[in-house]
There are 2 protein chains.
Amino acid sequence: MELNSILSTITNTNGKFAEEAQTRLDSLTKPQGSLGRLEEFAKQLVAITEKEMPEIDKKVVFTFAGDHGVAGEGVSAFPKEVTPQMVLNFINGGAGINVLARHAGAEVIVVDIGVDYDFSAAGSGGNVPLQIRKVVNGTKNMRKGPAMTREEAEKCIAVGIALADEYAKKGYRIFGTGEMGIANTTPSSAIAAVLTDKSVEAVTGRGTGINDDAWINKVQVIKDAIAVNNPDPSDPVDVLAKIGGAEIGGIAGLIIGAAANKVPVIVDGFISTTGALIAYLIEPKTKDYMFAAHMSQEIGHKSILEKIGLRPILDLDLRLGEGTGATLAMTVIEAGLKIYKEMATFAEAAVANKT
Amino acid sequence: MELNSILSTITNTNGKFAEEAQTRLDSLTKPQGSLGRLEEFAKQLVAITEKEMPEIDKKVVFTFAGDHGVAGEGVSAFPKEVTPQMVLNFINGGAGINVLARHAGAEVIVVDIGVDYDFSAAGSGGNVPLQIRKVVNGTKNMRKGPAMTREEAEKCIAVGIALADEYAKKGYRIFGTGEMGIANTTPSSAIAAVLTDKSVEAVTGRGTGINDDAWINKVQVIKDAIAVNNPDPSDPVDVLAKIGGAEIGGIAGLIIGAAANKVPVIVDGFISTTGALIAYLIEPKTKDYMFAAHMSQEIGHKSILEKIGLRPILDLDLRLGEGTGATLAMTVIEAGLKIYKEMATFAEAAVANKT
């Protein structure tokens, strides 16, 4: 099976590179360790890329879009039509992710992996490319049965891997993940409950901003979906298929593909991290290639980050998704790399070191 | 007195501008409030500048440098010579602040406000200007008596105000604060203890990286300095003079001048925030113009931030100073402003709003 052959190529990062990076960091004109996590980011980039002086000049964020049958259960504050409308907004450059990607000097690639809308007419009008890699026309309603078949879930992962391969070959040096899909905090919370062994209530938030009654309904919908589908927590693909979403599968695949290509990948918020958890449970070595962008306002996010063992970079009360947090974190990670590459050493600057 | 006439021009920001900014933020294609603190930053910039569409294209960080007589008491891991050596490193573009300022698109202005070294020969060789506004040739040893006279402390504040005026007139739209001065966490901790009513132990950290014995000595030195000088907590200028430093006074002045000129100012870490606390206690309205860049590793920082009532933007285990955190936070604040200015509205993008 193709997935297994890709997984077999993924290795842990090599500690030797991190050690060499540490030696350089300690020679720079600052007290040792005084730039904290900026130094860690540089070290991790060196370890991932196995390059003494990594470049992350070509940056890209993938915004995977998908619809969800469960949107019909009143779990979101926004109507389902907003998914394709926002895809068009991405293509036209007007969304939050577009603004922050321009700020970070990153490109946005919008991926229709499961939107219930035909974009063939919309095509490539704007500045932002739309990749049509549709696996499903929206998932099925998981309250009544599996959201996807196992084959569809595997296809979603394969789409992500293929994109990672293509963009790594095109010379992109760092990836960000993102997503759009009305109702997609619902499958994310369902996955979080099943895979972190927390109660549904403990990992279910307000999404785009639902009220108390809608939240109570959302929790019940998730409980029903888990009861109806009985996903196997020891089989992440089964979980993804039964109570997940196309964009979550695409993100899991992108992360697996990033690790296979030794490309660092910045994981956005709650939904993206759910994808990262699927990738991590398929192959734990993928963790070495991940950066956690931020701590989302969605309450389930913390549990998933802890399950993988990731510490978020930013904590700015974000809960938009799209890849906005990943793109903002990109600028901070890049700052760390520049510190590592551009600062003068004690010797170069003729500065006395610690006594 | 000139300071009082400047203080009388400082007003709280006008809530009307923040409200108008909120209306625009709520019309953008995202769930309301979903970009969290990025939205707050934009709102605060609108309120400060009283402009519907603020510009922060010209950015500058001021790195105030000063020496400290108390360095002779073994409170730092680095020798005193490092202060002028690092000033030269700044001018030559090799320090952490230079790297991060380039990353943020900001200029660095190095201000010799109290270095015990004659830079007149070093002059303006490099790309980074050195402003020689020397008030003292290093402070006196505060363990034995006042670090500065009251007149010197007032002069330091006046230097900061004058720089704020000059750079506001030159068209700079956002300021960052920074500092360099071997031993300057010692006066900062002393000020923190006196002005936040915490024990010296609770606000004294490891600075550039001292060991346990040196920390015990540092705490004793601070206690002695407070006992010898008996600074009046109700008189921030008295505290600044007796147990402070020239760069801390310069930063306090810069913040007062920023508020008087309606220019936003990003306060860096522990030492800078000590300066901000002096400014705040002189005129509490200055708080409206401040952004707190980050939460430093220095343990006294949290107490000072809480005393002013500021929530830091970043938490990256930084403890370098120089303005590094302020400059990094500048990129995040700018991201918030771009969100506010560049995102499409629901109407423009033909996206359905919340049901």
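Student: How much area do domain 1 of chain A and domain 2 of chain A bury between them?

Tutor: Buried area is the accessible area (1.4 Å probe) that two parts lose on being put together, summed over both. Here domain 1 and domain 2 of chain A bury about 1,800 Å², with carbon and sulfur atoms giving 64% of it. On the domain 1 side, A:Ile10, A:Arg37 and A:Ile48 lose the most area to domain 2, together 33% of what that side buries. The model is predicted: local features need pLDDT of at least 70, side-chain atom pairs count only at pLDDT 80 or more, and totals for chains, interfaces and linings use all residues. Residues are numbered from 1 along each chain as its sequence is written, chains are lettered from A and ligands numbered from 1 in the order in which they are written, and side-chain values use heavy atoms, with hydrogens and water left out.

Student: Into which domains is chain A divided?

Tutor: Bounds come from an automatic or database domain assignment. Chain A has domain 1 (3-53 + 341-349) and domain 2 (59-332). Their centres, taken over C-alpha atoms, are separated by 29 Å. Counting contact as heavy atoms within 4.5 Å, 16 residues of domain 1 of chain A touch 21 residues of domain 2 of chain A.

Student: How many salt bridges are there between domain 1 of chain A and domain 2 of chain A?

Tutor: A salt bridge is a side-chain nitrogen of Lys or Arg within 4 Å of a carboxyl oxygen of Asp or Glu. The count between these two domains of chain A is one. Elsewhere in the listing of such pairs, A:Glu50 and A:Lys262 meet in a salt bridge at 3.8 Å, N to O.

Student: Which residue forms a salt bridge with A:Glu342?

Tutor: B:Arg102 does, with the closest N and O atoms 3.1 Å apart. Across the interface of chain B and chain A, the rule finds four salt bridges.
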